[in-house]
Amino acid sequence: MSKSSILNLPHFIERTAMYVDPVNKDTVTSFIDGYECALADKGFTKNIQSRLSEYYKVEYSSDGWPGQIKRWAESNNLSWIEAFRKVASELNAPEN
């Protein structure tokens, strides 16, 4: 995913309700699918999948990255949206 593409997502992550209503797993995944389709680049969801697999040790399965977030959220007593925002924000954090 290009650096310019990544820079467009923090606003969506922080202010999701400005883009989708209601704010839930289905509307967020639909928005992200459309975003990636428009860019012809699946980098954001691949990065989420990798982050969850490698850093949080949440296995990727047939339910895709949304399922990974769901399983991680449940194990950490978070809502799906809270977990998505946390993981997505980590992807957009500046490198140290």
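Lysine 57 is exposed, with a relative accessible area of 66%. Here, exposed means over 50% relative accessible area, buried means under 20%, and partly exposed lies in between (1.4 Å probe, protein chains only). The place of lysine 57 is the loop between helix H4 and helix H5 (64–75). Its phi is positive, about 60 degrees, although lysine 57 is not a glycine.

The model is predicted: local features need pLDDT of at least 70, side-chain atom pairs count only at pLDDT 80 or more, and totals for chains, interfaces and linings use all residues. Residues are numbered from 1 along each chain as its sequence is written, and side-chain values use heavy atoms, with hydrogens and water left out. The predictor's confidence in each residue is its pLDDT, on a scale from 0 to 100. The chain has a mean pLDDT of 89, and 88% of its residues reach 70 or more. Confidence is lowest in helix H1 (residues 3–7), where the mean is 53. It is highest in H5, at 98.

The chain contains six helices and zero strands. Both are DSSP runs numbered from the N terminus: helices are H or I with at least four residues, and strands are E with at least two. Along the sequence the pattern reads α-α-α-α-α-α. The chain has 96 residues, of which 34% count as buried. Its accessible surface comes to about 5,900 Å², and 50% of this belongs to carbon and sulfur atoms. These areas come from the Shrake-Rupley method with a 1.4 Å probe; for residues, only the protein chains shown count as cover. A contact means heavy atoms within 4.5 Å. Among contacts in the chain with a separation of 6 or more, 47% join residues 24 or more positions apart.

Helix H5 has twelve residues. From its first C-alpha to its last it reaches 17 Å, close to the 16 Å expected at 1.5 Å a residue. The expected span is 1.5 Å times one less than the number of residues. Buried residues in H5 are Gly64, Trp65, Pro66, Gly67, Gln68, Ile69, Trp72 and Ala73. Just after H5, asparagine 77 takes a positive phi of about 55 degrees.

Threonine 29 is found in H3 and counts as buried, at 12% relative accessibility. Threonine 29 touches Trp65, Pro66 and Trp80, not counting residues up to four places away in sequence. A polar atom of the threonine 29 side chain also lies 2.9 Å from the backbone oxygen of lysine 25. A polar contact is a pair of N or O atoms within 3.5 Å; within protein, one must be able to donate a hydrogen and the other to accept it, and residues adjacent in sequence count only if both atoms are side-chain atoms.

Side chains of opposite charge can pair when their charged atoms come close. The structure holds six salt bridges. Each is a side-chain nitrogen of Lys or Arg within 4 Å of a carboxyl oxygen of Asp or Glu. Aspartate 63 pairs with arginine 71 in one of them, with the closest N and O atoms 2.6 Å apart. Aspartate 63 is partly exposed, at 40% relative accessible area. Arginine 71 is also partly exposed, at 29%. Salt bridges that share partners join Arg51, Lys86 and Glu90 into one network.

Glutamate 90 lies in helix H6 (residues 80–92) and arginine 51 in helix H4 (residues 43–55), so the pair ties together parts that are 39 residues apart in sequence. Glutamate 90 is partly exposed, with a relative accessible area of 21%. Arginine 51 counts as partly exposed too, at 25%. Another salt bridge joins glutamate 14 and arginine 15, with the closest N and O atoms 3.6 Å apart. Glutamate 14 is exposed, at 57%, whereas arginine 15 is partly exposed, at 41%.

A cis peptide bond joins aspartate 21 and proline 22, with omega about -5 degrees. Proline 22 sits in the loop between helix H2 (9–14) and helix H3 (25–39). Alanine 40 lies in the loop between H3 and H4. Alanine 40 has a positive phi of about 55 degrees although it is not a glycine. This alanine 40 is exposed, with a relative accessible area of 74%.
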